[in-house]
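Please examine the sequence and the structure shown here before reading on.

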Amino acid sequence: MLVLAASLRAIPRERLAAALASRELDHSSVRDLFDLAEALTAADSIDHAVDRLERPSLAVLAAAAETSDDAGWTDIGRLADELRGLGADDLADALVADAASVLQRLEAKLLLLRDGDRIHVPIEIAARLRTRLDDDLPSLESLAAHAPPVALPSDRPDTGLLERRAAETAYSTVAATAELLSGLAVQPARELAKGGFALPDAKRLAEAAAVELDEFPRLVRRAIEAGLIVRDGPVWLESDAGAEWILLGTGSRWTRLAEAWRARIPAPLRDLVVRRSEALSSSSIRDDVAWYYPGGGAWLRDGMDRLLEDAEALGLAVAGEPLETAALVLSGDLSGAAERLARHFPKQVDRVYVQHDLTIVSPGPLEPSLDARLRAFAEVEGRDLASSYRVTAASVNRALAAGDSEAGIRDFLERISLTGIPQPLAYLLSESAARFGAVRVGAADTSEAPARASVRSDDPQLIGTLLVDQSLSSLGLRQDGAHRLLSRFPPEVVFWGLSDARYPVAAEDAEGRIVRLRRHHVGHAPTPAPRTDPVEALLDRLAEADAEGGTEQAWLARQLEAAARAKETLTVTVRMPGGDTADYLLAPASVANGRLRARDRKSDIERTLPISAIASVAPAPAGS
């Protein structure tokens with residue numbers, strides 16, 4: 001532990017912060033570097049780090065522990081010979097050729113230390129490993145062994161039916177994700193204090209995405225991991241990347257989701273799984289993962305369950321059994337996987353049927369850009385292979401309020417309609433455009449506080465209707481003359497409340513000019529709010545403690561105290577009266593009042609020395 005504490009003192013802050021972020025320890029109990037070294041060599045902290053090591057790194061660490069002396073030291077040559085003796089020639093060759101890259105992962109987790117060609121494994125870590133090897137961890141021989149051979153099937157089953165079923169699932173996932181983004185673009189979802197979407201928003205979005213409420217959190221998680229939605233303060237929004245994604249074709253949309261899935265799998269593990277591409281199965285993937293992470297445990301099982309669950313949703317597996325598209329994704333051939341799945345995707349269309357009952361029916365999945373345009377002035381009624389939309393006075397008013405025009409809507413429909421524009425729809429467009437702005441919403445004058453919004457109309461009867469409409473009671477409207485109402489809510493809230501209640505409302509500025517409001521909210525990837533980082537707070541405490549007791553004498557005292565607690569034997573170099581130095585092999589018992597009390601291992605007597613007379617301390621030689 002003393003070697004570890006001294007090494008921690010010399011590690012640059014940035015590297016130490018990265019190392020501590022990968023370890024689990026009780027930050028609150030650490031006051032100085034010796035406390036930190038003690039926390040890092042506690043059994044729970046060691047187990048947490050070891051259980052997350054991939055097999056090659058664990059094999060190297062176990063071999064280093066096996067070849068280290070009583071003080072925890074070995075060297076690269078001895079370690080390489082041990083690995084070769086175990087048959088791990090590839091690991092030994094890599095160690096000799098580029099020791100830095102092979103040992104870097106272990107050193108970065110503070111599981112071992114390097115001093116040139118010498119390697120130190122803290123004795124607590126070595127002892128913990130020896131306890132676990134050939135118990136809940138494989139033996140050293142097994143860790144160094146090559147991956148088990150792959151048994152290739154004699155016959156490849158016909159996967160055509162499975163691929164079609166997988167494509168249907170993948171298409172449904174892409175469509176549900178698109179509906180989630182569209183729903184958030186119209187109305188952001190509130191975040192609960194305990195995490196997750198507020199139940200009303202979750203129900204609304206789950207219904208729009210046509211997924212069960214218990215499946216909805218997984219849909220949201222995949223969208224977050226792909227960067228399609230972001231949290232902005234207390235609400236979740238479609239991200240700017242999501243706004244671009246929503247306009248892509250189905251194949252490109254799927255590729256983005258599959259890419260995010262693949263990014264969660266470590267590269268070496270991807271390569272390991274790809275070797276089974278001819279015999280890929282759910283059990284073989286689990287076998288490979290369990291082999292690659294021998295420590296495993298609940299964290300690994302839960303992670304695998306999530307990966308395979310998402311693989312099902314993305315059409316990479318059916319009933320738990322991965323398909324060839326999974327191997328293509330894992331190997332990095334995302335375009336090949338997308339092309340293979342897309343063969344079974346329903347063909348997108350660019351024409352619709354506009355009907356007399358004010359509905360618009362698409363005979364197949366509509367091209368994303370056309371779908372987005374239709375949604376601007378029509379409500380989505382049904383989302384399936386054949387989608388349907390309904391044009392209403394409220395939906396047209398919403399489009400006009402967002403800056404669209406009657407002529408623009410007519411031109412778009414004439415371009416994509418296979419049946420022209422029926423007379424009832426033409427009349428609705430004309431009437432909506434004529435009535436647009438019959439109700440105006442703007443900001444109230446500051447003198448009218450607490451009122452923040454003003455609602456006015458030239459029709460006093462319409463003002464009266466707004467005042468008694470129970471669906472608008474949440475806006476708290478109160479009359480201020482025959483043609484005017486006031487509300488304590490912001491103008492935008494009042495505007496959309498009236499719009500949702502299907503009134504012909506327009507927003508206006510202080511001069512009475514109509515302004516265009518868009519309900520489409522896009523969130524940009526937020527800059528994380530400053531918050532206390534426990535690792536940074538710990539490093540600040542360590543720096544402060546080192547500055548307060550940073551003299552060499554204080555450092556020596558802490559080393560001796562730590563050795564006394566750990567019952568370690570040290571080589572203590574003492575300054576003699578004539579200026580010479582002498583080395584003593586001492587087992588510290590206590591440090592008090594500037595003096596060390598220790599037992600001399602060679603003469604078997606108790607010595608008391610002033611700390612000011614001690615020049616240095618070092619771990620005892622091997623075998624002492």
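In this predicted model, helices α5 and α6 pack with their axes 9 Å apart, at an angle of about 115 degrees. Angles of 65 to 115 degrees count as roughly perpendicular, and α5 is therefore roughly perpendicular to α6. The crossing in which α5 passes α6 is right-handed. On the α5 side, the contact is formed by Ala59, Val60, Ala63, Ala64, Glu66 and Thr67; α6 contributes Arg78, Leu79, Glu82 and Leu83. Sorted by class, the residues of this contact comprise six nonpolar, one polar and three charged.

| Helix pair | Angle | Axis separation |
|---|---|---|
| α5 and α6 | about 115 degrees | 9 Å apart |

Helix α7, which spans residues 89-97, has Leu91, Ala92 and Leu95 as buried residues. These three lie on the same side of α7, because they cover an arc of only 100 degrees around the axis. In general, an α-helix has 3.6 residues a turn, so residues three or four places apart point the same way. The buried residues of α7 pack against α5 (55-67), α6 (76-85) and α8 (99-108).

Ser499 belongs to helix α26, residues 491-500. Is Ser499 buried or exposed? Ser499 counts as buried, because its relative accessibility is 4%, and buried means under 20%. Leaving aside residues up to four places away in sequence, Ser499 touches Ala394, Arg398 and Val505.

Arg452 is located in the loop between β13 (439-443) and β14 (453-456). With a relative accessible area of 47%, Arg452 is partly exposed. Beyond residues up to four places away in sequence, Arg452 touches Gly442, Ala443, Ala444, Ser487, Arg488, Phe489, Pro490 and Pro491. The C-alpha atoms of Arg452 and Ile11 are separated by 57 Å, and these residues are 441 residues apart along the chain.

How values were computed
Residues are numbered from 1 along each chain as its sequence is written. This is a predicted model: local features need pLDDT of at least 70, side-chain atom pairs count only at pLDDT 80 or more; totals for chains, interfaces and linings use all residues. Side-chain values use heavy atoms; hydrogens and water are left out. Buried means under 20% relative accessible area, exposed over 50%, partly exposed in between (1.4 Å probe, protein chains only). Helices (H or I, at least four residues) and strands (E, at least two) are DSSP runs, numbered from the N terminus. The arc is that of the directions from the helix axis to the C-beta atoms. Contact means heavy atoms within 4.5 Å. Axes are lines fitted to C-alpha atoms, for helices over the stretch in contact, and angles run from 0 to 180 degrees between N-to-C directions. Angles under 35 degrees count as roughly parallel, over 145 as roughly antiparallel, 65 to 115 as roughly perpendicular and the rest as oblique. A crossing is left-handed if the near helix is turned anticlockwise from the far one by less than a right angle, and right-handed if clockwise. Ala, Val, Leu, Ile, Met, Phe, Trp, Tyr, Cys and Pro count as nonpolar, Asp, Glu, Lys and Arg as charged, and the others, Gly among them, as polar.
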